[in-house]
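Please keep the sequence and the 3D view open while reading.

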2 protein chains.
Amino acid sequence: MSGALMRAEMREQPSALARFIERFDAHVEQVRALVPDPPAGVTFVARGSSDHAAVYGRYLTELASGRPTALAAPSLQTLYKADVDYRGWLVVALSQSGATPEIETVTRRLQDAGARTIAIVNDDSSPLADAAELVIPLDAGPERAVPATKTVTTELLAVAAVAAGLGDVPFERRALERLPVDVTEVLEDFRSAQHVANVWRDAERTFVAARGLLLAAALETALKVKETTGVLAEGLSAADLLHGPIAVLGPGTPLLTVDGGSTRELDELARIAIERGAGVSRCGPGAEELPLPVGTPESLAVVTAIVRGQQLALALAEEHGVDPDAPVGLSKVTATT
Amino acid sequence: MSGALMRAEMREQPSALARFIERFDAHVEQVRALVPDPPAGVTFVARGSSDHAAVYGRYLTELASGRPTALAAPSLQTLYKADVDYRGWLVVALSQSGATPEIETVTRRLQDAGARTIAIVNDDSSPLADAAELVIPLDAGPERAVPATKTVTTELLAVAAVAAGLGDVPFERRALERLPVDVTEVLEDFRSAQHVANVWRDAERTFVAARGLLLAAALETALKVKETTGVLAEGLSAADLLHGPIAVLGPGTPLLTVDGGSTRELDELARIAIERGAGVSRCGPGAEELPLPVGTPESLAVVTAIVRGQQLALALAEEHGVDPDAPVGLSKVTATT
């Protein structure tokens, strides 16, 4: 029931983010040099927590570049060896370790199919770094806890740098520079997460819902809760929750909504959940349960919201008396081919 | 605890599919006429069960056409009004009712951004049918049970017709024509699903995992179970399950694997699940618990597998004594804007 590693790595986030922000403009220039003309489209390749950074990238990149953006379906290449034409496309692969074989395979095959390729990795001497034309190193320092934390939030900024290299991102430089302070503000308040964890104490299943740019935070929060505590938290779009899964919400199955500031739809969802007898907690600017700094723009609030999710997972693990550093049966590198 | 509607509509599937198969080649020709040259890419727009047909389309279309394929993120258009360039792209929107406002909005906006558009709808006088250039009607007859069944399996064939209009699909005409018989064979055996439902009787949470072309069946089975029974079934890729969520599997949290015939990875997953003390049921050709006809090619097995998922949801609803026709708090058309 230690969690010392996860806690320590969470605390490193403001400095890891600040280091990345120093190199942000240089990475934007590297992306521009690799892709001088607007790409035909952009595809992200990732799994697990990195895939949530990819989901953020799926929104931010299409918003910034105006070009269609997609998430790769790895099995098209690994299982079916699909013969595809990716000329003019940009492929962005994300992996903390850079050592998941399927991510490397997909990246190499799409590069052979004509795509330009970028690898976002923490280990820049990894097979994935080797495969790609441009490497954006996270430089977050070694990550030893099984649940990824500092590499995930740094990946979000790396994805933002890619988007900024392809067009106009919807946040100002000033907001980016303030982000480490915003994250510190969240990290200094662990009590809020402990309170929600206490309320959720007996829940064995929960939903975490968001929309748009914050969807990645809902998915990542749900994954962190699952891997550190064994509680089945399903992360999903608020719109998808209304299409059927809402039938599961009720007493004993609470809902967490994650809001970047603009989504009235989440209030409606919370109303329905309460009507069904489900407890509702909110993460967002000015939220009572898991407040986010009010000054962070929605397009960067995914970072602070994910830190809230990490805290919730850690607090729930403490509440359940399990060790979040090394969940039973999980390893740091998942060797999916 | 009736389920009479859902059961009756499930039984209509062989004839609904057979009717669609008669028109299959005509729809393939219409798609070719709309998109004579290979599109720059293809994007599917859908929610809920229709989104699972879109997931199948995401794989099959990229496989058949060799062109990058994506699933739309509706909020990019509805929340953020993203200024995008979809010239050369094909947009395929799916909605049983054709009346979900956000699907219509996204389709109209991407059409304005240069895309050619196809609507796959059961109600061909709906707003979505009105918005698109080409309409592929499901002609599955009115669907009155809240859980969609016959419209979903017919949507899968409509998606296959789109893929066939863009390239070579990996199944033969003969296999397509045999599909209604394969589905009848599954429908005639309800006992298998009742047996799994009985084993799952006390489970309040489960995972349903698959890969590639069968992923849509895992997602749809999980959604059907959630909406008809209130059991939290999370559907996901077997590869994603290994990246963390596996920590939730154990006694009381069983796993269903859905296999089209080629995925050894699912055996490895089942082994790990059993090691963790979780019950494992299998759906696939020759599977003991939920067998699929062995002659269906993997690229069409999504249809028979989804029928198995419908049976499981229905049998679980019976086991729990709830009425699957009208789950508490759900309505047939979800009015997400």
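## Loop residues with positive phi

Lys81(B) sits in the loop that runs between α4 (75–78) and β3 (89–95) of chain B. Helices (H or I, at least four residues) and strands (E, at least two) are DSSP runs, numbered from the N terminus. This is a predicted model, in which local features need pLDDT of at least 70, side-chain atom pairs count only at pLDDT 80 or more, and totals for chains, interfaces and linings use all residues. Residues are numbered from 1 along each chain as its sequence is written, chains are lettered from A and ligands numbered from 1 in the order in which they are written, and side-chain values use heavy atoms, with hydrogens and water left out.

- Lys81(B) has a phi near 45°, a positive value in a residue other than glycine.
- With a relative accessibility of 51%, Lys81(B) counts as exposed; exposed means over 50% relative accessible area, buried under 20%, and partly exposed in between (1.4 Å probe, protein chains only).
- Asp139(B) belongs to the loop between β5 (134–137) and α7 (150–166) of chain B.
- The phi of Asp139(B) is near 50°, again positive in a residue other than glycine.
- Asp139(B) counts as partly exposed, at 40% relative accessibility.

**Helix α3 of chain B**

- Helix α3(B) covers residues 48–65, and its 18 residues should span 26 Å at 1.5 Å a residue; the end C-alpha atoms are 25 Å apart, which agrees. The expected span of a helix is 1.5 Å times one less than its number of residues.
- Of the 18 residues of α3(B), 18 are buried, so the helix is largely enclosed by the rest of the structure.
- His52(B) is located in α3 of chain B and is buried, with a relative accessible area of 10%.
- Leaving out residues up to four places away in sequence, His52(B) touches Ala216(B), Leu219(B), Glu220(B) and Leu223(B); contact means heavy atoms within 4.5 Å.

**Helix α13 in chains A and B**

- In chain A, the 20 residues of α13 (residues 301–320) should span 28 Å at 1.5 Å a residue, and the end C-alpha atoms are 28 Å apart, which agrees.
- In α13(A), 17 of the 20 residues are buried, so this helix is largely enclosed by the rest of the structure.
- Gly321(A) follows α13(A) and has a positive phi, near 70°.
- In chain B, Thr304(B) is part of helix α13 and counts as buried, at 0% relative accessibility.
- Thr304(B) touches Leu179(B), Asp182(B), Val183(B), Val186(B), Leu292(B), Pro293(B) and Thr296(B), not counting residues up to four places away in sequence.
- Thr304(B) and Ala129(B) are 175 residues apart along the chain, and their C-alpha atoms are separated by 28 Å.

**Packing of α1(B) with α13(B)**

- Two packed helices are described by the angle between their axes and the distance between the axes.
- The axes of α1 (residues 4–11) and α13 (residues 301–320) of chain B come within 11 Å and cross at roughly 160°. Axes are lines fitted to C-alpha atoms, for helices over the stretch in contact, and angles run from 0 to 180 degrees between N-to-C directions.
- α1(B) and α13(B) are therefore roughly antiparallel to each other; angles over 145 degrees count as roughly antiparallel, under 35 as roughly parallel, 65 to 115 as roughly perpendicular and the rest as oblique.
- Their crossing is left-handed: a crossing is left-handed if the near helix is turned anticlockwise from the far one by less than a right angle, and right-handed if clockwise.
- From α1(B), Met6(B), Arg7(B) and Met10(B) meet Gln310(B), Gln311(B), Ala313(B), Leu314(B) and Glu318(B) of α13(B).
- By class, the contact of α1(B) with α13(B) has 4 nonpolar, 2 polar and 2 charged residues. Ala, Val, Leu, Ile, Met, Phe, Trp, Tyr, Cys and Pro count as nonpolar, Asp, Glu, Lys and Arg as charged, and the others, Gly among them, as polar.

**Helix α2 of chain B**

- α2(B) and α7(B) pack at an angle of about 25°, with their axes 8 Å apart.
- α2(B) and α7(B) are therefore roughly parallel to each other, and the crossing is right-handed.
- Among the residues making this contact are Phe20(B) and Phe24(B) of α2(B), and Leu157(B) and Ala161(B) of α7(B).
- The residues of the α2(B) contact with α7(B) divide into 14 nonpolar, 5 polar and 2 charged.
- Ala33(B) is found in α2 (residues 13–34) of chain B and is exposed, with a relative accessible area of 61%.
- Ala33(B) and Gly167(B) lie 134 residues apart in sequence and 13 Å apart in space, C-alpha to C-alpha.
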